[in-house]
Amino acid sequence: MIISGKELSARLKEDMRAEVATFPEKYGRVPHLVVILVGDDPASASYVKGKAKASEFVGIRNTTILKPDTITEEELLGLIRRLNEDDSVDGILVQLPLPPHISEAKVIETISKDKDVDGFHPLNVAALWQKQPCILPCTPKGIIKMLKFAGVEIKGRRAVVIGRSNIVGLPVAKLLLDENATVTIAHSRTADLPSVTREADILVVAIGRPRFVTADMVSDGAVVIDVGVNRDPETGKLCGDVDYAAVEPKASVITPVPGGVGPMTICCLMENTIECFLKKF
Ligand code: NAP
């Protein structure tokens, strides 16, 4: 079974669109998401466009602020502080990565935790690990939604997450743990990785290396979630971290790239923006 993130996100966005259409009457306005793009990296520009397009579909007001990569850290932090104070703004997202002279940690910390639609603020991260109410990071949240949509039983299963970044690997592992999976986190220093991944009922791969996971690393019937977004070195096309053609016949459930986790990330961003908006009323 192939889980189409594209299809699931389209359904969920339809539901959100219907919900948001009721907001002007109920609350006097629609949610407002502000996305800041620093510089002109084409991949970042395309992600920002995707966010604006999804907002438009759902009926969320989207403001994209473009800043040159010569902007100073202080100027960017000042802009974020003004948006924090602005009651008409519900969600703030600064597209990563940022130029090296700007500290990503400072930017993430400066965004109000109540407008942190990415779920990256240290207080949101701490709340997640303490099982307190928080804004969940979009990609991990989207992955759990996909697993549930596919009817995958998580409780009691062995999950292996390859990758331990703050953005994907660690929060995915935590959410799987909260769903009562037994979780192993693997990384670049893991010895004999294939022997670890072959133990997985659910394998989540978030490394950033094209077709890194080969068929011999996956057990028969495993659920395989591919988070990676890479350019195939031969064709230049988008591809995941999993060798899809080789692994798909072994997996019971698998996500494609593109059209898998990526669309769910944007869908959950829309959901987080609505959540931040509704908390005000
Ligand atoms: P990251 O911060 O670079 O982390 C990569 C992780 O992979 C690290 O924990 C690293 O281990 C591990 N790793 C690297 N080489 C490895 C190896 N040979 N064996 C085992 N583990 C290895 O990347 P990220 O931000 O988590 O993103 C991962 C991928 O997901 C990227 O392709 C990114 O583009 C994609 N992504 C997709 C979405 C989406 O919406 N679809 C969202 C976010 C990210 P160490 O910790 O030991 O260095």
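I work with a predicted model, where local features need pLDDT of at least 70, side-chain atom pairs count only at pLDDT 80 or more, and totals for chains, interfaces and linings use all residues. Residues are numbered from 1 along each chain as its sequence is written, and side-chain values use heavy atoms, with hydrogens and water left out.

**Entry 1: ligand shell**

I looked up the residues around the ligand and found 21. A residue counts as near if one of its heavy atoms lies within 4 Å of the molecule. R164, S165, S188, V229 and T265 come nearest. By class, I list nine nonpolar, ten polar and two charged residues. Here Ala, Val, Leu, Ile, Met, Phe, Trp, Tyr, Cys and Pro are nonpolar, Asp, Glu, Lys and Arg are charged, and the others, Gly among them, are polar. Helix α11 (residues 261-278) gives the most to this shell, with three residues. I take helices (H or I, at least four residues) and strands (E, at least two) as DSSP runs, numbered from the N terminus.

A polar side-chain atom of R164 lies 2.7 Å from a ligand oxygen atom. V229 places a backbone N or O atom 3.1 Å from an oxygen atom of the ligand. For H187, a polar backbone atom is 3.5 Å from a ligand nitrogen atom. Taken alone, the ligand exposes 920 Å², and the protein buries 71% of that. These areas come from the Shrake-Rupley method with a 1.4 Å probe.

**Entry 2: the sheet**

I traced five strands in an open sheet, ordered β5-β4-β6-β7-β10, with parallel pairing. Strands pair if DSSP finds at least two bridges between them. β5 (182-186) and β10 (253-254) stand at the edges, each with a single partner strand, so one side of each is left without a neighbour in the sheet.

**Entry 3: around β7**

I followed β7 (residues 223-226) to its partners. Four bridges join it to β6 (residues 202-205). L203 stands opposite V224, and V205 opposite D226. Two bridges pair β7 with β10, also in the parallel sense. There V223 has V253 as its bridge partner.

Which residues cover the two faces of β7? I find V223 and I225 on one side and V224 and D226 on the other, all buried (under 20% relative accessible area, 1.4 Å probe, protein chains only).

Key:
A polar contact is a pair of N or O atoms within 3.5 Å; within protein, one must be able to donate a hydrogen and the other to accept it, and residues adjacent in sequence count only if both atoms are side-chain atoms. Buried means under 20% relative accessible area, exposed over 50%, partly exposed in between (1.4 Å probe, protein chains only).
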